[in-house]
Amino acid sequence: KRKTTGYDRGVDGEQETLNLAAAFNAERAPALNELHFTCTAIPNQLTFPSHITVLHLSLRESLPARPLSAVGILNLLDTLSSLEDLTLTMPLFYEHPYISEDNTERTVTSSKLKSVTMYGPTDLNGFMAHLYAPTLRCLRLRSLEDTGYRQESVGPTLLEFIRRSSPPLEVLELHDIDLTPEYFAAAFLSLPALHTLCLHESSISDATLSLLESGRRGGGRCPRLTHLDLRWCGQLTGKALVNLVASRIGALPILEVAVLNCCYVQEDDVLDIARTTVCRVCLRDDDYCRK
């Protein structure tokens, strides 16, 4: 049911046609549902079997003649009508820029897509402007660059992407990607079904987190939130977390708070949180940060 394959450029660096759609079509491989594909650059003409539901696409290096572009990814997704889970990863040192194709108005609709994970340069997140995934439930954005807090270009694109998902997202992870307080507030309002929020390397403040409190101050933002994962949040205090957890006791409670390397969350705060819910302060074996 699962096929893992890879592709590397030839000695001369030229890209070839790679027709995996024909090699593993529904007749030859009817049970194939998951494909892991690793390449140095997306070949000129690359096709995947249209019936796969899970795709992991990994770029190993960048070629001057073939930089990764939004159009190249869109061309692939346009043929994958059954896709439910997409993971796109790029290496830490990617020499040539990702071409975001901001000037194109092209949009690809992926009607069955439930989960998207993108791990690469911050500019890669601009790809969301060209993808319409109306049934998306899980979005994980992991930047590889240390471009400082509050990347201004991400906020508008991310907010529009969130608002186009109906029903709304249930899981949102921002890793080394930050938003302004205004965009955090707008995103929270657009996530009534969110149950898991993960913020890593975020400058989120106590005032912004307080928007999630149940009652008058919270204003109904993320009312179904049950799991909060915070790591390397350098401005957040433990008192804000204690207040958030306490405010939810009479409503849908917070079931677990993960706090890792948040310097203003003290031991007493952890103990206060642990009186009403699970407070996790260590990594799990399956945590992706271990990789």
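Predicted model: local features only at pLDDT ≥ 70, side-chain atom pairs only at ≥ 80, totals over all residues.

Q: Okay. How many salt bridges does a search of the whole structure find?
A: The search turns up 8 salt bridges.

Q: Let's start with Glu173. Which residue does Glu173 pair with?
A: Glu173 forms a salt bridge with Arg142, and their closest N and O atoms are 2.6 Å apart. Glu173 sits in strand β11 (residues 171–175) and Arg142 in strand β10 (residues 138–143), so the pair ties together parts that are 31 residues apart in sequence.

Q: And is Glu173 buried or exposed?
A: Buried: the relative accessible area of Glu173 is 3%, and that is under the 20% cut-off. Arg142 is buried too, at 11%.

Q: Moving on to Asp229. What does the side chain of Asp229 meet in a salt bridge?
A: That would be Arg280, at 3.4 Å from N to O. Asp229 belongs to strand β13 and Arg280 to strand β15 (residues 278–280), so this bridge ties together parts 51 residues apart in sequence.

Q: Why does Arg280 count as buried?
A: Because its relative accessibility is 10%, and the cut-off for buried is under 20%. Asp229 is buried as well, with a relative accessible area of 9%.

Q: What about Asp287, where's its partner?
A: Asp287 forms a salt bridge with Arg231, with 2.6 Å between the closest N and O atoms. Arg231 is in strand β13, while Asp287 is in the segment after β15, and the two are 56 residues apart. Asp287 counts as buried at 7% relative accessibility, and Arg231 does at 2%.

Q: Which residues are linked with those in a network of salt bridges?
A: The network links Asp229, Arg231, Glu256, Arg280, Arg284 and Asp287.

Q: Changing topic to helix α6. Which residues in α6 are buried?
A: In α6 (residues 238–247), the buried ones are Gly238, Ala240, Leu241, Val242, Leu244 and Val245.

Terms used
Residues numbered from 1 in each chain as written. Heavy atoms only, no water. Buried < 20%, exposed > 50% of the residue type's maximum accessible area, 1.4 Å probe, protein only. Helix = DSSP H or I, 4+ residues; strand = E, 2+ residues; numbered from the N terminus. Salt bridge = Lys/Arg side-chain N within 4 Å of Asp/Glu carboxyl O.
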